[in-house]
Amino acid sequence: MCGIVGYVGHRDCLPVLIEGIKRLEYRGYDSSGVAVQTPQGLEIVKAAGKIRQLEARLAKGAPHGTYGISHTRWATHGEPTDVNAHPHTDEQGTLALVHNGIIENYQTLKNALESEGHVFRTQTDTEVLAHLIEKYLKRGYKLERAVGAALRDVKGTYGIAVMCASEPGVLVGARHGSPMVVGIADGEYYLASDVAAIVEHTRQVIYLDDGEMAVLSPDGFHTATIDHERVEKEVHDVDWDLSQIEKGGYEHFMLKEIFEQPDAVRNGMRGRLNLEEGLARLGGLNMTPEQLREIKRIIILGCGTSWHAGLIGEYMLEEFARIPVEVEYASEFRYRNPIVDEGTLVLVISQSGETIDTLAAMREARRKGAKVLGIVNVVGSTIARESDGGVYIHAGPEIGVASTKAFTSQVTVLALLTLALGRNRGMSRDYGIEIAREMSQLPEKIERVLATDDAVKRIADLYQSSNNFIYLGRGFQFPVALEGALKLKEISYIHAEGYPAAEMKHGPIALIDESMPVVFICTRDSAYEKVVSNMQEVRARKGRIVAIATEGDTEVQRNADHVLYVPATIPMLQPILSVIPLQLLSYHVAVARGCDVDQPRNLAKSVTVE
């Protein structure tokens, strides 16, 4: 959360800083600001609201220089106001700092600094860090050493970029719990909280690890720990380009990413499926066939949409790999004393690979001795680097805050893992071939679902003024109901709940009347007849029914007000198809209500604070 960009080089830095945080606005958009070293000194401009508010202020007078930092904020401590916007400064205004994360002991530090005469202007925890660095600068420390000393006093999470007028051309970045990358170009150096901000300028990056700093100047850079021990870092090449983070003619990133799902799923399977033998090859697991057979239990950790994908993975793995599976909210896992015994495999699922709750839960599982595999999208992310092995989903950059293509790609990878483990533990070759062949047909079937977009829009227009929705499904489709409800809540601000269809009778049925839309995921599977019975119960109470059904099913039409059809596939893969009309429904409802689809209120991509 929050976006940070820093630049040191030979050209005017302001366009680089503004364009960079625009590409990171999905990480936070409550306020924004820039700090630039000019011949007249350090100049700071900031504004509450989205980046366009900052641009309006810059149009009245913009600072220019070859060295600066910028920030787009997701508010934690302090309301999103001009004063609380980043960058923050010391008392003299000669030091500027931008920060992603939370300083947990900020009040203790603030009290101590106030007792020494420091005066604070904002409600933020970040300002405390700026004053703390100032304290060490006044002792005669150079900026690098002062930042390291201040960070040793801090408890919490941070990704920071700091500059000081007394050391022009020097930019210091550091991280603990919040991502930070260094970009390297010809005589130019960048800091960013996400590669997306700088890929236009360079594809060569260094990923900082927790407790590390980078010191940039026009003459070069070096990396070290916050204790000032030099660290040699590997330079990575970014394998995607700018076009992948542009809208490409679509009105919103979310719609673009929904329509990218055929390619995203195809990329997730590329080179991994053996159709002739019914096998899945996942070399990144770093586990031998013998080790895979020794797995006694699996724990899946995730948050939000990733947790829903994990629930589908649970159904897959238990049914076809015959391994007991538990799916845990990563945010709760480490706050109890989870049992992680010998033979436990932990799967951590995160689109960004930086989700702080998932990362902390992964570290707790490793501390307890578990083998941990990551299922992530972002190459080089912290979870990818710290896990024992794993699988990249290869969905490509996902910019829309509401995750879409990452979800279907995560479920695809969980299906691959199920096939690999199932074949390793007794699944027949014939059934393995059936799964592999059905998986290979998914991209074409997704395209058929996307062709129903106009029909989905018509339904969305009818129900866009509703105040509540209920989503119901059974078996593999129950997590789809949860995901459909989450999508609607996230971007349209309509209250929606997902339930197992049979649970409707145990409370939620009291909510149903003629104004309540109820979305049933009612595809042909072993629970089909029971779901149809649940539909009849809703119809008897005058609920308005939207059904997601299998192509060719005419029975559903007798019980539903509206039917959206998806192609048939085997039950374990059906969620990949049935979720797409629900993604489109949430999108079109939000557009009809005039909501900001890509930047919904109070949300941000890549949750890096607890």
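Mentor: Start with angles. Axes are lines fitted to C-alpha atoms, for helices over the stretch in contact, and angles run from 0 to 180 degrees between N-to-C directions. Remember that this is a predicted model.

Trainee: What makes H15 and H19 roughly parallel?

Mentor: Helix H15 (residues 442-450) packs against helix H19 (residues 574-592) at an angle of about 30°. Angles under 35 degrees count as roughly parallel. H15 and H19 are therefore roughly parallel to each other. Their axes are 10 Å apart, and the crossing is right-handed.

Trainee: Which residues of H15 and H19 meet?

Mentor: From H15 come Leu442, Lys445, Ile446, Val449 and Leu450. From H19 come Ile576, Leu577, Ile580, Pro581 and Leu584. By class, that contact holds nine nonpolar residues, no polar ones and one charged. Lys counts as charged, so Lys445 in H15 is the charged residue.

Trainee: H7 also packs on H15. Why is H7 called roughly antiparallel to H15?

Mentor: The axes of helix H7 (residues 261-269) and H15 cross at roughly 165° and come within 8 Å. The cut-off for roughly antiparallel is over 145 degrees. That makes H7 roughly antiparallel to H15. The crossing of H7 and H15 is right-handed.

Trainee: Which residues does H15 use to meet H7?

Mentor: Leu442, Pro443, Ile446, Glu447 and Leu450 in H15 meet Gln261, Pro262, Val265, Arg266 and Met269 in H7. The contact of H7 with H15 divides into seven nonpolar, one polar and two charged residues.

Trainee: How do you know that H9 and H17 are roughly antiparallel?

Mentor: Same test. H9 and helix H17 (residues 478-492) cross at roughly 170°, with axes that come within 9 Å. Over 145 degrees counts as roughly antiparallel. H9 and H17 are therefore roughly antiparallel to each other. On the H9 side, the contact includes Trp307, His308 and Leu311. On the H17 side, Phe478, Glu483 and Lys487 are among the residues involved. The classes are nine nonpolar, two polar and two charged.

Trainee: Now the sheet. What makes S19 and S20 a pair?

Mentor: Two strands pair if there are at least two bridges between them. Strand S19 (residues 344-350) and strand S20 (residues 371-376) have six bridges, in the parallel sense. They meet the criterion. Val346 stands opposite Val372 in S20, and Val348 has Gly374 as its bridge partner.

Trainee: How many bridges link S17 and S19?

Mentor: Five, again in the parallel sense. The open sheet has five strands, in the order S18-S17-S19-S20-S21.

Trainee: Why are S18 and S21 called edge strands?

Mentor: Each pairs on one side only. Strand S18 covers 325-329, and strand S21 covers 389-392.

Trainee: Which helices lie across S19?

Mentor: Helix H9 (residues 305-321) lies across strand S17 (297-302), S18 and S19. Helix H13 (residues 405-424) lies across S17, S19, S20 and S21. H13 runs at about 160° to S19, and H9 at about 175° to S18.

Trainee: Why is S19 called largely enclosed?

Mentor: Buried means under 20% relative accessible area. Seven of the seven residues of S19 are buried, so the strand is largely enclosed by the rest of the structure. Both faces are covered. Thr344, Val346, Val348 and Ser350 lie on one side, with Leu345, Leu347 and Ile349 on the other.

Key
Residues are numbered from 1 along each chain as its sequence is written. This is a predicted model: local features need pLDDT of at least 70, side-chain atom pairs count only at pLDDT 80 or more; totals for chains, interfaces and linings use all residues. Side-chain values use heavy atoms; hydrogens and water are left out. Helices (H or I, at least four residues) and strands (E, at least two) are DSSP runs, numbered from the N terminus. Contact means heavy atoms within 4.5 Å. Angles under 35 degrees count as roughly parallel, over 145 as roughly antiparallel, 65 to 115 as roughly perpendicular and the rest as oblique. A crossing is left-handed if the near helix is turned anticlockwise from the far one by less than a right angle, and right-handed if clockwise. Buried means under 20% relative accessible area, exposed over 50%, partly exposed in between (1.4 Å probe, protein chains only).
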